[in-house]
Amino acid sequence: MDFLMDSNQSTKEKMLHKANELTEREVAVTLAILFQYHNDVVIIRNKDYLLRRLQQTFLDQDSLLVLLNDVKSVLVPEESIEWITKDLRAALWFGDYYSSHLASTIAFCNNNVSNIIGHLITGIDCFFVSLNPPTHSNDTEDVHLINFYNFGLEHKLATINNTKILYNAIITERKYIDWIDINDQDQLYWAADYLRKAGMLVQNKLFLAQNNEDIFAQICASLDAIDNLYNINYQYTPTPNKKFFISNMRKAWSQKKFRDKKDAESAQEYFLTRRHINKLKKLADEYGVSSKEYLQQLIDEAYDSID
């Protein structure tokens, strides 16, 4: 009896040690499998939560240890998804393309990962179908727990690679977006609103822009998505629809700037004499900004200097 207890303890220690070595993606897939036996399990990328659930499950510890060793084998290799995970623009585009064109071929597994990229990849990683009967491993007649499920790894890999080829082809060239200034927050908000009103803004329920770079990525992903129906078997050139939309968008921005300038000039004429307007313009030109921007800076500096 003592020998059996020591043996069980040893297996448990090995299991918990292996669980601590798992990547975030492996943690989520392990939890997805545990969910098949405990419907209160949530699919997240939290290692502490996994450790707790492993100690609560009724599943055999030897089987769990084998599962933890097997789980990496059912994941799309990291290098195949880095183009998504390391680029917010690509991730936003991929999420939009997936929901519109890929969901019927790779079903999405609902999960509780709150990060937009993590949620997307976890949804793909954790999609599988149950096998009946399960497949046997090559070296033993014992059925590994993971072999009760078909993760469709080959299909996932081929689909993601083909989607990458499409994205590389249709990504909007810099010459079409160089008029959008990533440092001009007013322009970025305007561009996002323009796309939204046109029904072209790529959106994700978990995406919340934190800075200018995030907004710019969303704008670019939206323009990339215009040519989502391009056939990768042919040489790509931007479609007339894409060129026309970007051209109209750029013209609309130029018109807005012109209107804003006229409004600013009218406001200055109301408050300032012509002589002071000319002085203000000369000072603004010296600093390479508009009269409006220079006047705003003066006001801000004077306000900040008040004790």
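Mentor: A residue is called buried when its relative accessible area is under 20%, exposed when that area is over 50%, and partly exposed in between, using a 1.4 Å probe and protein chains only. The model above is predicted, where local features need pLDDT of at least 70 and side-chain atom pairs count only at pLDDT 80 or more, while totals for chains, interfaces and linings use all residues. Residues are numbered from 1 along each chain as its sequence is written, and side-chain values use heavy atoms, with hydrogens and water left out.

Trainee: Is Arg-53 buried or exposed?

Mentor: Helices are DSSP runs of H or I with at least four residues, strands are runs of E with at least two, and both are numbered from the N terminus. The relative accessibility of Arg-53 is 10%.

Trainee: Which residue does Arg-53 meet in a salt bridge?

Mentor: Side chains of opposite charge can pair when their charged atoms come close. A salt bridge here is a side-chain nitrogen of Lys or Arg within 4 Å of a carboxyl oxygen of Asp or Glu. In this case the distance from N to O is 3.0 Å, and the partner of Arg-53 is Asp-40.

Trainee: How many residues apart are Arg-53 and Asp-40?

Mentor: This pair links distant parts of the chain, with Arg-53 in helix H3 and Asp-40 in the loop between H2 and H3.

Trainee: In which helix do Lys-197 and Asp-193 both lie?

Mentor: Their side chains meet in a salt bridge of 3.1 Å, N to O. Lys-197 is exposed at 68%, whereas Asp-193 is partly exposed at 29%. Being four residues apart, about one turn of the helix, they both lie in H9.

Trainee: What distance does H9 reach from its first C-alpha to its last?

Mentor: The expected span of a helix is 1.5 Å times one less than its number of residues, and H9 (residues 185-197) has 13 residues. Its buried residues are Gln-187, Leu-188, Trp-190, Ala-191, Ala-192 and Leu-195. The reach of H9 is close to the expected value, and both are given as 18 Å.

Trainee: Which residue caps the N-terminal end of H9?

Mentor: A polar contact is a pair of N or O atoms within 3.5 Å; within protein, one must be able to donate a hydrogen and the other to accept it, and residues adjacent in sequence count only if both atoms are side-chain atoms. Here a side-chain oxygen lies 3.2 Å from the backbone nitrogen of Asp-186. The residue that supplies this oxygen, and caps the helix end, is Asp-184.

Trainee: Which residue has its side chain joined to that of Asn-228 by a polar contact?

Mentor: Asn-228 sits in the loop between H10 and helix H11 (240-271), and it is buried, with a relative accessible area of 7%. Contact means heavy atoms within 4.5 Å, and, leaving aside neighbours within four places in sequence, the residues in contact with Asn-228 include Asp-96, Tyr-97 and His-101. The polar contact is 2.7 Å, and the partner of Asn-228 is Trp-93.

Trainee: Which residue has its backbone oxygen 2.8 Å from a polar atom of the side chain of Arg-25?

Mentor: Arg-25 is found in helix H2 and is buried, with a relative accessible area of 8%. Its side chain is also joined to that of Asp-125 by a polar contact of 2.8 Å. Leaving aside neighbours within four places in sequence, the residues in contact with Arg-25 include Leu-75, Pro-77 and Ile-121. The backbone oxygen asked about belongs to Val-76.
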